[in-house]
Number of protein chains: 2
Amino acid sequence: MLDTAARIFYERGYANASVQDVAEALGILKGSLYHYIDTKEDLLFRLLDETQDEVHGILEEIDALEHMDPLVKLRLYVRRQIEFNMDNLVRVSVYYHELDHLSPAPRGELLARRRMHEQFVTALVREAQERGLVDPRLDAEGASRCIFATIIWTYRWYSPERDDRAHIAETCAAFAVNGLAAGRLDHLPSGR
Amino acid sequence: MLDTAARIFYERGYANASVQDVAEALGILKGSLYHYIDTKEDLLFRLLDETQDEVHGILEEIDALEHMDPLVKLRLYVRRQIEFNMDNLVRVSVYYHELDHLSPAPRGELLARRRMHEQFVTALVREAQERGLVDPRLDAEGASRCIFATIIWTYRWYSPERDDRAHIAETCAAFAVNGLAAGRLDHLPSGR
(Lines give C-alpha, C1' and ligand atoms only; values in the text may rest on other atoms or scores of the structure.)
Protein backbone atom coordinates (compact mmCIF):
# COMPACT_ATOMS: atom_id res chain seq x y z
CA MET A 1 0.00 0.00 0.00
CA LEU A 2 2.76 2.48 0.94
CA ASP A 3 4.80 1.65 -2.16
CA THR A 4 1.78 2.41 -4.33
CA ALA A 5 1.07 5.64 -2.43
CA ALA A 6 4.73 6.64 -2.89
CA ARG A 7 4.49 6.07 -6.64
CA ILE A 8 1.26 8.07 -6.96
CA PHE A 9 2.61 10.96 -4.86
CA TYR A 10 5.84 10.86 -6.87
CA GLU A 11 4.09 10.92 -10.25
CA ARG A 12 1.34 13.46 -9.52
CA GLY A 13 2.69 15.36 -6.52
CA TYR A 14 1.04 14.99 -3.12
CA ALA A 15 -1.03 18.18 -3.56
CA ASN A 16 -2.57 16.93 -6.81
CA ALA A 17 -3.01 13.28 -5.83
CA SER A 18 -6.13 11.97 -4.11
CA VAL A 19 -6.90 8.97 -1.90
CA GLN A 20 -9.12 7.87 -4.80
CA ASP A 21 -6.04 7.78 -7.09
CA VAL A 22 -4.19 5.54 -4.64
CA ALA A 23 -7.21 3.25 -4.21
CA GLU A 24 -7.57 2.92 -7.99
CA ALA A 25 -3.89 2.08 -8.40
CA LEU A 26 -4.30 -0.60 -5.71
CA GLY A 27 -7.44 -1.90 -7.44
CA ILE A 28 -9.58 -1.44 -4.33
CA LEU A 29 -12.44 0.86 -3.36
CA LYS A 30 -11.65 4.14 -1.65
CA GLY A 31 -13.79 3.00 1.29
CA SER A 32 -11.57 -0.04 1.74
CA LEU A 33 -8.45 2.13 1.85
CA TYR A 34 -10.08 4.21 4.60
CA HIS A 35 -10.10 1.10 6.78
CA TYR A 36 -6.33 1.53 7.02
CA ILE A 37 -5.88 5.31 7.00
CA ASP A 38 -7.80 8.31 8.30
CA THR A 39 -6.84 10.99 5.76
CA LYS A 40 -4.53 11.62 2.82
CA GLU A 41 -2.13 13.30 5.23
CA ASP A 42 -2.18 10.18 7.37
CA LEU A 43 -1.14 8.18 4.31
CA LEU A 44 1.76 10.58 3.65
CA PHE A 45 2.87 10.48 7.28
CA ARG A 46 2.88 6.68 7.38
CA LEU A 47 4.91 6.56 4.20
CA LEU A 48 7.53 9.03 5.44
CA ASP A 49 7.54 7.46 8.91
CA GLU A 50 8.19 3.98 7.55
CA THR A 51 10.94 5.33 5.30
CA GLN A 52 12.54 7.04 8.28
CA ASP A 53 12.27 3.83 10.33
CA GLU A 54 14.35 2.01 7.76
CA VAL A 55 16.90 4.82 7.66
CA HIS A 56 17.04 4.73 11.44
CA GLY A 57 17.94 1.05 11.26
CA ILE A 58 21.17 2.05 9.48
CA LEU A 59 22.08 4.44 12.30
CA GLU A 60 21.46 1.77 14.94
CA GLU A 61 23.42 -0.84 13.05
CA ILE A 62 26.48 1.40 12.67
CA ASP A 63 26.16 2.73 16.21
CA ALA A 64 26.32 -0.84 17.53
CA LEU A 65 29.73 -1.45 15.95
CA GLU A 66 32.20 -1.31 18.79
CA HIS A 67 35.96 -0.83 18.84
CA MET A 68 35.89 0.76 15.43
CA ASP A 69 37.61 3.90 14.21
CA PRO A 70 35.03 6.75 14.03
CA LEU A 71 36.04 7.54 10.43
CA VAL A 72 35.48 3.94 9.40
CA LYS A 73 32.06 4.01 11.06
CA LEU A 74 31.31 7.25 9.26
CA ARG A 75 32.35 5.83 5.94
CA LEU A 76 30.15 2.77 6.44
CA TYR A 77 27.24 4.98 7.53
CA VAL A 78 27.53 7.20 4.45
CA ARG A 79 27.80 4.21 2.15
CA ARG A 80 24.76 2.48 3.65
CA GLN A 81 22.69 5.68 3.53
CA ILE A 82 23.57 6.30 -0.11
CA GLU A 83 22.76 2.72 -1.00
CA PHE A 84 19.38 3.17 0.70
CA ASN A 85 18.72 6.33 -1.33
CA MET A 86 19.68 4.62 -4.58
CA ASP A 87 17.44 1.63 -3.80
CA ASN A 88 14.46 3.81 -2.78
CA LEU A 89 14.54 6.73 -5.21
CA VAL A 90 10.77 7.16 -5.32
CA ARG A 91 10.26 7.15 -1.55
CA VAL A 92 13.25 9.36 -0.90
CA SER A 93 12.08 11.88 -3.52
CA VAL A 94 8.63 11.99 -1.90
CA TYR A 95 10.28 12.43 1.51
CA TYR A 96 12.24 15.51 0.46
CA HIS A 97 9.54 17.01 -1.76
CA GLU A 98 6.46 16.49 0.38
CA LEU A 99 7.62 16.64 4.02
CA ASP A 100 6.53 20.28 4.19
CA HIS A 101 2.95 19.27 3.36
CA LEU A 102 2.58 17.65 6.78
CA SER A 103 1.02 19.61 9.66
CA PRO A 104 3.46 20.91 12.29
CA ALA A 105 3.01 18.04 14.79
CA PRO A 106 3.72 15.03 12.52
CA ARG A 107 6.39 16.99 10.66
CA GLY A 108 8.04 17.87 13.95
CA GLU A 109 8.06 14.21 14.93
CA LEU A 110 9.91 13.25 11.76
CA LEU A 111 12.34 16.17 12.02
CA ALA A 112 13.19 15.26 15.62
CA ARG A 113 14.25 11.79 14.48
CA ARG A 114 16.21 13.29 11.61
CA ARG A 115 18.10 15.44 14.08
CA MET A 116 19.32 12.24 15.76
CA HIS A 117 21.17 11.46 12.52
CA GLU A 118 22.76 14.91 12.48
CA GLN A 119 23.83 14.46 16.08
CA PHE A 120 25.18 10.98 15.36
CA VAL A 121 27.37 12.19 12.49
CA THR A 122 28.50 15.30 14.38
CA ALA A 123 29.47 13.09 17.35
CA LEU A 124 31.53 10.82 15.08
CA VAL A 125 33.33 13.85 13.64
CA ARG A 126 34.04 15.15 17.17
CA GLU A 127 35.30 11.74 18.25
CA ALA A 128 37.63 11.71 15.23
CA GLN A 129 38.83 15.16 16.25
CA GLU A 130 39.51 14.03 19.82
CA ARG A 131 41.52 11.10 18.51
CA GLY A 132 43.58 13.40 16.32
CA LEU A 133 42.21 11.94 13.07
CA VAL A 134 40.55 15.18 12.00
CA ASP A 135 41.70 18.77 12.36
CA PRO A 136 40.25 20.04 15.68
CA ARG A 137 39.62 23.47 14.13
CA LEU A 138 37.04 22.01 11.74
CA ASP A 139 33.43 23.01 12.45
CA ALA A 140 31.96 19.55 13.16
CA GLU A 141 28.37 20.66 12.65
CA GLY A 142 29.13 22.41 9.35
CA ALA A 143 31.06 19.38 8.10
CA SER A 144 28.17 17.15 9.15
CA ARG A 145 25.81 19.24 6.98
CA CYS A 146 28.17 18.79 4.02
CA ILE A 147 28.22 15.03 4.64
CA PHE A 148 24.42 14.96 4.54
CA ALA A 149 24.50 17.00 1.33
CA THR A 150 26.68 14.30 -0.24
CA ILE A 151 24.27 11.61 0.99
CA ILE A 152 20.97 13.28 0.18
CA TRP A 153 21.69 14.82 -3.22
CA THR A 154 22.30 11.37 -4.75
CA TYR A 155 18.52 11.00 -5.14
CA ARG A 156 18.60 13.89 -7.63
CA TRP A 157 21.40 12.71 -9.88
CA TYR A 158 21.75 8.93 -9.52
CA SER A 159 20.52 7.07 -12.58
CA PRO A 160 20.23 3.27 -12.26
CA GLU A 161 20.58 2.95 -16.05
CA ARG A 162 23.78 4.99 -16.25
CA ASP A 163 25.54 4.63 -12.92
CA ASP A 164 27.10 1.69 -11.12
CA ARG A 165 25.52 1.48 -7.66
CA ALA A 166 28.50 0.06 -5.76
CA HIS A 167 30.95 2.44 -7.44
CA ILE A 168 28.83 5.49 -6.61
CA ALA A 169 28.39 4.43 -2.98
CA GLU A 170 32.13 3.90 -2.60
CA THR A 171 33.12 7.15 -4.41
CA CYS A 172 30.74 9.27 -2.34
CA ALA A 173 31.61 7.61 0.96
CA ALA A 174 35.31 8.16 0.30
CA PHE A 175 34.60 11.77 -0.73
CA ALA A 176 32.62 12.47 2.43
CA VAL A 177 35.20 11.01 4.79
CA ASN A 178 38.26 12.38 3.05
CA GLY A 179 36.44 15.69 3.13
CA LEU A 180 37.10 15.57 6.85
CA ALA A 181 40.83 15.36 6.41
CA ALA A 182 41.02 19.12 6.84
CA GLY A 183 44.40 20.60 7.41
CA ARG A 184 46.03 18.16 5.05
CA LEU A 185 45.90 20.74 2.30
CA ASP A 186 46.97 23.59 4.55
CA HIS A 187 49.97 24.21 2.33
CA LEU A 188 47.56 25.61 -0.22
CA PRO A 189 46.52 29.23 0.08
CA SER A 190 42.97 29.38 1.40
CA GLY A 191 41.82 31.54 -1.52
CA ARG A 192 41.41 35.27 -1.48
CA MET B 1 9.74 41.99 -11.87
CA LEU B 2 11.70 38.72 -11.71
CA ASP B 3 12.35 39.12 -7.98
CA THR B 4 8.63 39.48 -7.39
CA ALA B 5 7.86 36.49 -9.62
CA ALA B 6 10.45 34.46 -7.70
CA ARG B 7 8.82 35.34 -4.39
CA ILE B 8 5.32 34.44 -5.63
CA PHE B 9 6.48 31.14 -7.14
CA TYR B 10 8.39 30.40 -3.93
CA GLU B 11 5.43 31.10 -1.64
CA ARG B 12 2.64 29.49 -3.67
CA GLY B 13 4.50 27.07 -5.91
CA TYR B 14 4.67 27.66 -9.67
CA ALA B 15 1.75 25.31 -10.39
CA ASN B 16 -0.58 27.20 -8.03
CA ALA B 17 0.59 30.73 -8.85
CA SER B 18 -0.92 32.81 -11.66
CA VAL B 19 0.31 35.72 -13.76
CA GLN B 20 -2.49 37.66 -12.04
CA ASP B 21 -0.83 36.96 -8.65
CA VAL B 22 2.48 38.33 -9.89
CA ALA B 23 0.82 41.40 -11.43
CA GLU B 24 -1.02 42.13 -8.16
CA ALA B 25 2.18 41.82 -6.14
CA LEU B 26 3.81 44.28 -8.55
CA GLY B 27 0.82 46.62 -8.25
CA ILE B 28 0.20 46.61 -12.01
CA LEU B 29 -2.53 45.24 -14.28
CA LYS B 30 -2.15 41.76 -15.70
CA GLY B 31 -2.35 43.28 -19.20
CA SER B 32 0.68 45.46 -18.43
CA LEU B 33 2.70 42.42 -17.35
CA TYR B 34 1.85 40.74 -20.65
CA HIS B 35 3.72 43.53 -22.42
CA TYR B 36 6.90 41.94 -21.05
CA ILE B 37 6.12 38.23 -21.09
CA ASP B 38 4.11 35.87 -23.28
CA THR B 39 3.02 33.23 -20.79
CA LYS B 40 3.51 32.13 -17.18
CA GLU B 41 6.08 29.63 -18.42
CA ASP B 42 7.92 32.46 -20.16
CA LEU B 43 8.10 34.25 -16.82
CA LEU B 44 9.54 31.15 -15.14
CA PHE B 45 12.07 30.64 -17.93
CA ARG B 46 13.29 34.24 -17.75
CA LEU B 47 13.68 33.95 -14.01
CA LEU B 48 15.68 30.73 -14.16
CA ASP B 49 17.65 31.96 -17.17
CA GLU B 50 18.69 35.17 -15.42
CA THR B 51 19.65 33.20 -12.31
CA GLN B 52 21.75 30.88 -14.42
CA ASP B 53 23.38 33.86 -16.16
CA GLU B 54 24.61 35.13 -12.83
CA VAL B 55 25.88 31.69 -11.83
CA HIS B 56 27.64 31.47 -15.19
CA GLY B 57 29.45 34.70 -14.36
CA ILE B 58 31.14 32.89 -11.47
CA LEU B 59 32.38 30.14 -13.77
CA GLU B 60 33.80 32.67 -16.24
CA GLU B 61 35.47 34.68 -13.51
CA ILE B 62 37.21 31.65 -12.01
CA ASP B 63 38.05 30.23 -15.44
CA ALA B 64 39.83 33.47 -16.30
CA LEU B 65 42.24 33.13 -13.37
CA GLU B 66 45.52 32.04 -14.89
CA HIS B 67 48.61 30.44 -13.36
CA MET B 68 46.60 29.17 -10.44
CA ASP B 69 46.56 25.76 -8.81
CA PRO B 70 43.43 23.84 -9.95
CA LEU B 71 42.50 23.03 -6.34
CA VAL B 72 42.68 26.71 -5.39
CA LYS B 73 40.47 27.58 -8.35
CA LEU B 74 38.06 24.85 -7.30
CA ARG B 75 37.96 26.11 -3.74
CA LEU B 76 37.23 29.65 -4.92
CA TYR B 77 34.56 28.38 -7.31
CA VAL B 78 32.81 26.40 -4.56
CA ARG B 79 32.97 29.31 -2.17
CA ARG B 80 31.55 31.78 -4.70
CA GLN B 81 28.76 29.40 -5.70
CA ILE B 82 27.77 28.79 -2.09
CA GLU B 83 27.80 32.53 -1.40
CA PHE B 84 25.52 33.01 -4.40
CA ASN B 85 23.12 30.36 -3.07
CA MET B 86 23.06 31.92 0.38
CA ASP B 87 22.41 35.38 -1.07
CA ASN B 88 19.65 34.15 -3.41
CA LEU B 89 17.78 31.53 -1.40
CA VAL B 90 14.39 32.29 -2.96
CA ARG B 91 15.58 32.19 -6.57
CA VAL B 92 17.72 29.12 -6.02
CA SER B 93 14.82 27.28 -4.35
CA VAL B 94 12.57 28.11 -7.28
CA TYR B 95 15.29 26.94 -9.68
CA TYR B 96 15.55 23.48 -8.11
CA HIS B 97 11.86 23.04 -7.37
CA GLU B 98 10.31 24.33 -10.60
CA LEU B 99 12.81 23.57 -13.39
CA ASP B 100 10.85 20.44 -14.25
CA HIS B 101 7.76 22.55 -14.98
CA LEU B 102 9.41 23.95 -18.11
CA SER B 103 8.72 22.35 -21.50
CA PRO B 104 11.52 20.18 -22.91
CA ALA B 105 13.09 22.88 -25.16
CA PRO B 106 13.63 25.67 -22.60
CA ARG B 107 14.51 23.12 -19.90
CA GLY B 108 17.07 21.55 -22.23
CA GLU B 109 18.61 24.96 -22.85
CA LEU B 110 19.11 25.52 -19.12
CA LEU B 111 20.40 22.00 -18.51
CA ALA B 112 22.94 22.34 -21.33
CA ARG B 113 24.40 25.39 -19.61
CA ARG B 114 24.38 23.58 -16.30
CA ARG B 115 26.40 20.78 -17.86
CA MET B 116 29.11 23.33 -18.62
CA HIS B 117 29.54 23.73 -14.87
CA GLU B 118 29.82 19.98 -14.38
CA GLN B 119 32.40 19.82 -17.14
CA PHE B 120 34.31 22.77 -15.66
CA VAL B 121 34.57 21.14 -12.23
CA THR B 122 35.37 17.71 -13.67
CA ALA B 123 38.15 19.29 -15.78
CA LEU B 124 39.64 20.98 -12.69
CA VAL B 125 39.62 17.65 -10.84
CA ARG B 126 41.34 15.96 -13.80
CA GLU B 127 43.92 18.74 -14.00
CA ALA B 128 44.62 18.27 -10.28
CA GLN B 129 45.02 14.54 -10.92
CA GLU B 130 47.46 15.16 -13.78
CA ARG B 131 49.52 17.42 -11.53
CA GLY B 132 49.63 14.77 -8.81
CA LEU B 133 47.51 16.79 -6.39
CA VAL B 134 44.65 14.31 -6.36
CA ASP B 135 44.69 10.53 -6.44
CA PRO B 136 44.48 9.52 -10.15
CA ARG B 137 42.25 6.57 -9.25
CA LEU B 138 39.47 8.91 -8.12
CA ASP B 139 36.41 9.02 -10.39
CA ALA B 140 36.51 12.70 -11.40
CA GLU B 141 32.89 12.79 -12.54
CA GLY B 142 31.59 11.13 -9.38
CA ALA B 143 33.62 13.48 -7.20
CA SER B 144 32.31 16.43 -9.23
CA ARG B 145 28.73 15.32 -8.42
CA CYS B 146 29.60 15.23 -4.72
CA ILE B 147 31.07 18.74 -4.99
CA PHE B 148 27.82 19.99 -6.53
CA ALA B 149 25.88 18.25 -3.75
CA THR B 150 27.89 20.25 -1.22
CA ILE B 151 27.20 23.47 -3.16
CA ILE B 152 23.54 22.95 -3.97
CA TRP B 153 22.23 21.50 -0.71
CA THR B 154 23.14 24.70 1.18
CA TYR B 155 19.88 26.24 -0.08
CA ARG B 156 17.98 23.65 1.99
CA TRP B 157 19.76 24.07 5.31
CA TYR B 158 21.39 27.53 5.42
CA SER B 159 19.59 29.89 7.78
CA PRO B 160 20.66 33.57 7.62
CA GLU B 161 19.46 34.06 11.22
CA ARG B 162 21.45 31.15 12.64
CA ASP B 163 24.48 30.71 10.40
CA ASP B 164 27.48 32.89 9.65
CA ARG B 165 27.67 33.29 5.88
CA ALA B 166 31.46 33.60 5.55
CA HIS B 167 32.10 30.72 7.94
CA ILE B 168 29.70 28.41 6.06
CA ALA B 169 31.22 29.29 2.70
CA GLU B 170 34.72 28.60 3.98
CA THR B 171 33.78 25.36 5.81
CA CYS B 172 31.99 23.92 2.79
CA ALA B 173 34.66 25.00 0.29
CA ALA B 174 37.35 23.39 2.44
CA PHE B 175 35.20 20.26 2.81
CA ALA B 176 34.64 19.98 -0.93
CA VAL B 177 38.30 20.42 -1.86
CA ASN B 178 39.72 18.28 0.91
CA GLY B 179 37.20 15.70 -0.22
CA LEU B 180 39.35 15.35 -3.29
CA ALA B 181 42.44 14.44 -1.33
CA ALA B 182 41.55 10.80 -1.82
CA GLY B 183 44.21 8.30 -1.02
CA ARG B 184 45.40 10.28 1.94
CA LEU B 185 43.30 8.11 4.22
CA ASP B 186 44.35 4.92 2.51
CA HIS B 187 45.72 3.60 5.77
CA LEU B 188 42.13 3.18 6.88
CA PRO B 189 40.31 0.00 5.91
CA SER B 190 37.79 0.82 3.20
CA GLY B 191 34.97 -0.79 5.16
CA ARG B 192 33.46 -4.11 4.32
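**Reading helices and loops**

Author: Let us begin with a pair of helices. This is a predicted model, and in it the crossing of α4(B) and α5(B) is right-handed.

Reader: At roughly what angle do the axes of helix α4 and helix α5 of chain B cross?

Author: The axes of α4 (residues 40-63) and α5 (residues 70-87) of chain B cross at roughly 160° and come within 10 Å. An angle over 145 degrees counts as roughly antiparallel. The helices α4(B) and α5(B) are therefore roughly antiparallel to each other.

Reader: Which residues make the contact of α4(B) with α5(B)?

Author: From α4(B) come Glu54(B), Val55(B), Ile58(B) and Ile62(B), and from α5(B) come Lys73(B), Leu76(B), Tyr77(B), Arg80(B), Gln81(B) and Phe84(B). By class, the residues of this contact are six nonpolar, one polar and three charged.

Reader: How do the axes of α1 and α4 of chain A cross?

Author: The axes of α1(A), residues 2-12, and α4(A), residues 40-63, cross at roughly 110° and come within 10 Å. Angles of 65 to 115 degrees count as roughly perpendicular, and that makes α1(A) roughly perpendicular to α4(A).

Reader: Which residues of α1(A) and α4(A) meet?

Author: Leu2(A), Ala5(A), Ala6(A) and Phe9(A) of α1(A) meet Leu43(A), Leu44(A), Arg46(A), Leu47(A) and Glu50(A) of α4(A). The contact of α1(A) with α4(A) holds seven nonpolar and two charged residues, and no polar ones.

Reader: What span should helix α8 of chain B have, and how far apart are its end C-alpha atoms?

Author: The reasoning starts from 1.5 Å a residue. On that basis the 13 residues of α8(B), residues 140-152, should span 18 Å, and the end C-alpha atoms of this helix are 18 Å apart, which agrees.

Reader: How many of the residues of α8(B) are buried?

Author: A residue is buried if 20 or more other C-beta atoms lie within 10 Å of its own. In α8(B), 11 of the 13 residues are buried, and the helix is mostly covered. Among the buried residues are Arg145(B), Cys146(B), Ile147(B) and Phe148(B).

Reader: I turn now to the backbone. Is the phi of most residues other than glycine positive or negative?

Author: Most residues other than glycine have a negative phi. His67(A), which is not a glycine, has a positive phi of about 50°. His67(A) lies in the loop between α4 and α5 of chain A. In chain B, His67(B) has a positive phi near 50° and lies in the loop between α4 and α5 of that chain.

Reader: Where is Arg113(A) found, and which residues does it touch?

Author: Arg113(A) is found in helix α7 of chain A, residues 104-130. With 14 C-beta neighbours inside 10 Å, this arginine counts as partly exposed. Leaving aside residues up to four places away in sequence, Arg113(A) touches Gln52(A) and His56(A). Arg113(A) and Asp49(A) are 64 residues apart in sequence, and their C-alpha atoms are 9.7 Å apart in space.

Key:
Residues numbered from 1 in each chain as written. Chains lettered and ligands numbered in written order. Predicted model: local features only at pLDDT ≥ 70, side-chain atom pairs only at ≥ 80, totals over all residues. Helix = DSSP H or I, 4+ residues; strand = E, 2+ residues; numbered from the N terminus. Expected span 1.5 Å × (residues − 1). Buried ≥ 20, exposed ≤ 12 C-beta atoms within 10 Å, placed from the backbone. Axes fitted to C-alpha atoms, helices over the stretch in contact; angles between N-to-C directions. Parallel < 35°, antiparallel > 145°, perpendicular 65-115°, else oblique. Contact = placed C-beta atoms within 7 Å. Nonpolar A, V, L, I, M, F, W, Y, C, P; charged D, E, K, R; others polar. Left-handed = near helix turned anticlockwise from the far one by under 90°.
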